[in-house]
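Trainee: Could you take me through one part of this model in detail? I'd like to hear about an aromatic pair, the helices around it, and whatever else you'd look at from there.

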Amino acid sequence: MAPRVAIIGAGFGGLCMAIRLERAGIHTYTVFERAADLGGTWRDNSYPGAGCDIPSHLYSYSFEKYASWTRRYPEQPEILDYLHHCADKYDVRRKIRLRTEVRRAVFDGGAWQVTTSSTEGERTETFDVVVMAVGQLNRPHMPDISGMDEFEGVSFHSARWNHDHDLTGRRVAVIGTGSSAAQLVPRVAERAEHLYLFQRTPNWVIPKPDAAFGPLTRMAFRCAPGLQRAYREWIYRYAEGTLYPALAQGWSEGLLRQRALRHLRDQVPDPELRARLTPDYPPGCKRVVIDSSFYPALTRPNVSLVTDRIARVTPKGVHTAESAYEVDTIVYATGFKSTEFLVPMEVVGREGRSLGERWKDGAEAYLGISVPGFPNLFMLYGPNTNLGHNSIIFMIECQVAHIMACLPHVGASGPIEVRPEAMAAWRRQLDVAMSRMVWGAGCRSWYKTADGRITNNWPGPTTLYRRLTARPPEPAYRAVGPG
Ligand code: NAP
């Protein structure tokens, strides 16, 4: 009998899982989606300028090449269109239960009891397998600045853009200078009367060689699928080649630093502004911003970079110790609660053990996919599977292939779970590989917990990850069912 599979989340991960099940002839699955539409991060992040800094042809499923990309680097509406296209083409939309939030998943010894909440109230259903596909960047992080609630203007997080609020002629404060801010600041600056950008830590920024595809190129991609394949392969290999030069300790001080400093020199003529934009930590430690419009926006007369620490928010604006900035809009481009995997869901495994408790010192999972004590529970884009140099969609496809390889074992022997020894070996290997990377160097980033444990990133080549996830599930997994 085909396993009953609950997929939680209808973003890139959840849709990929659903499509692979559908293609394997397994139709006994349900996709639960909290929001009113599919799309995950690409539904949520609709701020002006939102896009991806991984090229379009690579930031897509390997099995669904798309001839419609209009640019080298996709913008948010195009990515969302692509996801809708995939949901329709592979006929998985009918399986998505929208506006249905999973509150709890409890393993009862043989199966998972999944409790959801929707307009129809709470409901508990039984599934053999649960696939968590909620991503790493799904819960906005709001800073804890005194007075935020007293602000009399309009404020919102970059991932919850208020499209009803026209920014034309407004005085706008943007707090944060990560990838989201770098993308939205140039667009907002075109409309705002004045934009104050509050920077706590400068980022390393390198250019994004974006361009629209001309009609001939698009026609060539449409008519010659082989060309798309070759182009994708080339981008993939190129990205893979940047891993150690950009992200290994010591190495990133070479080429990446030079590249970023040259970009800064080329785009910001004022040495005083340049100095304030120059980071004092190794390149790659935080996610490098890949953008060619950010620095030019900062040289506009209606944009001010504020580097004094924010003291408080008042009803009229933002105060630092030195000055007061009167604004009518505050945009919090302050990132996500990235290290709190699966929160606020309650996940209870074998013998009543809670996943939150197991992860109190930081999330971890074998291959980023499974956790001892939690049979038949799998994750997509779980702990230590984020990349700073290549496409997450590649990683998701590896994870889905791994889960698909586990399913026949579930069918044959009942619930399976990863052995503690496999988990321990995985942790040791991860620690060794992690020590070579630059992320542990002195910087604060969304890759790590408050006490410095790197829970988000994969510290090796994606080719290695593919090899590891392609190994047969035995001997790492064991059956734990009564049989
Ligand atoms: P982020 O990189 O975590 O940046 C958050 C920003 O908010 C940082 O500048 C941070 O300063 C600042 N901040 C947080 N709390 C603050 C406080 N209390 N006071 C002042 N500043 C504060 O978040 P993000 O820009 O949304 O990007 C998150 C990730 O999403 C990216 O790294 C990337 O992986 C992904 N993303 C990708 C793209 C793309 O093109 N592919 C686009 C957007 C986002 P500190 O640096 O000092 O902490």
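Mentor: Let's start with Tyr236, which is buried, since its relative accessible area is 7% and the cut-off for buried is under 20%. Keep in mind that this is a predicted model. The ring partner of Tyr236 is Phe394, and the two form a stacked aromatic pair, with 4.9 Å from centre to centre and 25° between the planes. Phe394 counts as buried too, at 11% relative accessibility. Now look at where the two sit: Tyr236 is in helix H6 (residues 225-241) and Phe394 in helix H12 (residues 392-413), so their pair ties together parts that are 158 residues apart in sequence.

On the H6 side, helix H5 (residues 215-223) packs against H6 at an angle of about 105°, and their axes are 5 Å apart. That angle makes H5 roughly perpendicular to H6. The residues that meet there are Ala220, Phe221 and Cys223 from H5, and Pro225, Leu227, Gln228 and Tyr231 from H6.

On the H12 side, the partner is H1. The axes of H1 and H12 come within 10 Å and cross at roughly 40°, so the two helices are oblique to each other. The crossing of H1 past H12 is right-handed. H1 brings Phe12, Gly13, Cys16, Met17, Arg20 and Leu21 to this contact, where they meet a set of H12 residues including Ile393, Ile396, Glu397 and Val400.

A search of the whole structure turns up 29 aromatic pairs. In the one formed by Phe12 and Tyr82, the ring centres are 6.3 Å apart and the planes are at 35°, so this pair is tilted. Phe12 belongs to helix H1 (residues 12-23) and Tyr82 to helix H3 (residues 76-89), so here again distant parts of the chain are linked, 70 residues apart. Both Phe12 and Tyr82 are buried. They also belong to one aromatic cluster, whose members include Trp42, Tyr59, Trp69 and Tyr90.

While you're looking at rings, go to Tyr29: Lys95 lies over its face, 5.1 Å from the ring centre.

Next, have a look at the loops. Arg350 is in the loop between strand E18 (346-348) and helix H11 (355-358), and this arginine is buried, with a relative accessible area of 19%. Leaving aside neighbours within four places in sequence, Arg350 is in contact with Phe107, Gly373, Pro375, Glu417, Arg478 and Val480. Of these, Gly373 is 23 residues away in sequence, with a C-alpha to C-alpha distance of 5.4 Å from Arg350.

Some backbone details are worth checking as well. Most residues other than glycine have a negative phi, and most peptide bonds are trans. Asn376 isn't a glycine, yet has a positive phi of about 60°. You'll find Asn376 in the loop between H11 and strand E19 (377-379), buried at a relative accessible area of 2%. Arg99 also has a positive phi, about 50°, without being a glycine, but Arg99 is exposed, with a relative accessible area of 52%. As for cis peptide bonds, one joins Val343 and Pro344, with omega about 5°, and Pro344 is in the loop between strand E17 (329-332) and E18. Another joins Glu474 and Pro475, with omega again about 5°.

How values were computed
Residues numbered from 1 in each chain as written. Predicted model: local features only at pLDDT ≥ 70, side-chain atom pairs only at ≥ 80, totals over all residues. Heavy atoms only, no water. Phe/Tyr/Trp six-rings, centres within 6.5 Å; stacked < 30°, edge-to-face > 60°. Helix = DSSP H or I, 4+ residues; strand = E, 2+ residues; numbered from the N terminus. Buried < 20%, exposed > 50% of the residue type's maximum accessible area, 1.4 Å probe, protein only. Lys NZ or Arg CZ within 6 Å of the ring centre and 35° of its normal. Axes fitted to C-alpha atoms, helices over the stretch in contact; angles between N-to-C directions. Parallel < 35°, antiparallel > 145°, perpendicular 65-115°, else oblique. Left-handed = near helix turned anticlockwise from the far one by under 90°. Contact = heavy atoms within 4.5 Å.
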